[in-house]
Amino acid sequence: MTTVLAGCSGNTDTGSSAAPTNPDYVVVDVYKTHLSKGKLPTPDDAHVQYIAERTGVQYNLQTTSSGGDPVESMNVMIASGDLPDIMRPVGGVEQTLISQNGALALDDLLPKHAPNLWKRIPQEAWDIVRSASPDGKIYYVPKIYMIPERAPMIRQDWLDAVGLEMPTTQEEYVEVLKAFLNEDPNGNGQADEIPTTGREFGTWMDHLFAMYGVAMWEGKPEWDIYDGKLQYAGVTQNMKDAIVFVRDLYEQKLLDNETFLNKGEIWTAKINNNLVGSWYHLPGNLKERLAAIQTLAPEAVVKGMPIPTVEGYEGYVTQKSVGEPEWMIPKVSEDKAEASLKLLDFFYDPANEDFIRFGIEGVHHEVVDGKKQLLPADDNTPIGLGMLNYNTKETMDVRIEQTFPEDQVQMVKDIFEVATADARRIAGDGLPSSVYQGYPDIQSHKLFQEYLSKIVIGEWPLEKFDEFVERWNSSGGAEVTKRAQEWYEKVQSYQQ
């Protein structure tokens with residue numbers, strides 16, 4: 001989440017006029033996708049003007065056309081040479097620009113024009129960014145998330161309703177799921193409870209794999225150390241054993257049998273409608289979800305669930321903290337680089353945190369009893385401008401205290417505390433997308449998702465997993481693994 005104001009949900013308009021209201025301002029085109037609800041701000045927007053008056057730079061937000069594919073749109077821009085001044089790359093676009101000599105090296109520019117950003121991002125992160133380029137230079141600003149973004153969560157009020165304690169082992173967790181299925185914990189007299197759930201392609205049920213020490217990120221296997229070397233978690237014995245467990249849950253209807261059909265909005269609606277007992281998501285985004293649940297269950301309480309233990313495995317919550325690309329400047333926009341970095345530095349300046357979080361009064365927030373409260377976004381409200389993606393325990397605590405109702409602050413902090421205790425930064429944190437070059441199907445996880453879904457629903461036997469491993473390796477996985485291990489050795493050399 002870039003800021004509370006500029007989060008991730010749906011797309012909006014496709015452009016805004018860049019004509020400056022003050023000719024002394026430098027207009028910087030900022031391109032990013034997955035914008036929050038609302039309309040793109042115009043040059044005379046109060047948010048735009050506030051930033052321009054303090055930086056001399058006019059923030060001109062641009063995004064993908066409604067319904068368009070962000071990666072495809074960016075690749076079209078690269079091919080045409082019609083690029084923004086600063087952009088948030090997605091889908092490996094940053095490596096396309098780097099490999100084509102189309103990205104601007106920022107090593108000398110960042111300390112000079114973005115000193116707040118330069119100081120706040122740790123050296124380790126810059127080293128990982130350097131490891132992702134063939135010449136060892138910095139071509140993008142990384143996202144920083146020093147606490148676990150995602151966490152297993154469970155309805156404490158449902159546990160109370162069925163008379164069970166927080167599960168600590170896999171066996172206890174299964175017992176809880178059975179009670180959620182059979183004992184009407186939502187109290188509506190209907191057998192409509194869903195013990196736990198996931199989304200299409202088997203995503204967003206990482207807690208079920210985490211028990212087996214499987215590195216997963218939103219349901220996609222990641223890279224970590226297995227048998228003493230960096231490997232793709234999707235082809236490990238840990239993954240095979242986890243799939244056995246997930247298949248058993250599905251067969252017993254303890255895992256939502258519509259999991260592989262659930263679009264994101266359907267999955268969200270099930271949780272919001274007081275139907276789901278256990279799920280995996282972002283605690284920092286719990287406010288609206290809990291508000292929806294409490295319209296049906298006023299006493300609803302959500303807790304962080306420690307990873308249930310499984311004998312013979314070291315379970316953990318996957319944490320990725322540094323190295324993921326957040327912002328880069330195309331070389332063709334070098335003449336605007338100073339202004340782009342000045343704009344970016346505004347968002348990394350701690351002195352501007354209050355404005356970044358709450359925006360403009362009457363548009364993005366209101367003051368109630370002397371305390372600022374964010375207003376819900378709507379289609380007619382200009383999107384709050386944001387560029388900061390930097391989170392530590394300290395910054396998250398402040399965000400929780402400032403944006404959650406008082407009676408929820410400790411609850412959310414506790415969820416983060418539980419997840420942090422179980423979290424582990426994976427060895428593949430910051431792995432560049434260039435390792436997948438020439439193997440798009442390996443990068444997209446399509447083969448894994450096909451085998452996972454068919455084995456879990458019982459269409460294929462478990463033995464097909466071994467076939468998947470063979471196909472994955474022969475269709476490019478072996479080469480990708482070699483590249484990933486070479487990258488890891490390079491990262492290790494930076495840290496010596």
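This is a predicted model: local features need pLDDT of at least 70, side-chain atom pairs count only at pLDDT 80 or more; totals for chains, interfaces and linings use all residues.

Colleague: What makes β2 and β3 edge strands?

Modeller: The open sheet has three strands in the order β2-β1-β3, with parallel pairing. Strands β2 (57–62) and β3 (86–87) each pair on one side only, and that puts them at the edges.

Colleague: How do you know that β1 and β3 pair?

Modeller: Pairing takes at least two bridges, and β1 (residues 26–31) and β3 have two, in the parallel sense. Valine 30, for instance, has isoleucine 86 in β3 as its bridge partner. Helix α13 (residues 337–348) packs on this sheet and touches β1, β2 and β3.

Colleague: Why are α10 and α18 called oblique to each other?

Modeller: Helix α10 (residues 237–251) and helix α18 (residues 446–456) pack at about 45°, their axes 9 Å apart. Roughly parallel needs an angle under 35 degrees and roughly perpendicular starts at 65, so the pair is oblique.

Colleague: Which classes of residue make up that contact of α10 with α18?

Modeller: Eight are nonpolar, none polar and one charged. Arg counts as charged, and Arg247 in α10 is among the residues meeting α18, along with Met239 and Tyr250. On the α18 side, the residues include Phe448 and Leu452.

Colleague: What makes Leu286 stand out in the largest nonpolar core?

Modeller: Of its 147 residues, Phe209, Leu286 and Phe347 touch the most other members. Leucine 286 has contacts that include Met153, Trp279 and Phe404, leaving aside residues up to four places away in sequence.

Definitions and conventions
Residues are numbered from 1 along each chain as its sequence is written. Side-chain values use heavy atoms; hydrogens and water are left out. Helices (H or I, at least four residues) and strands (E, at least two) are DSSP runs, numbered from the N terminus. Contact means heavy atoms within 4.5 Å. Axes are lines fitted to C-alpha atoms, for helices over the stretch in contact, and angles run from 0 to 180 degrees between N-to-C directions. Angles under 35 degrees count as roughly parallel, over 145 as roughly antiparallel, 65 to 115 as roughly perpendicular and the rest as oblique. A nonpolar core is a set of buried Ala, Val, Leu, Ile, Met, Phe, Trp, Tyr and Cys residues joined through side-chain atoms within 4.5 Å. Buried means under 20% relative accessible area, exposed over 50%, partly exposed in between (1.4 Å probe, protein chains only).
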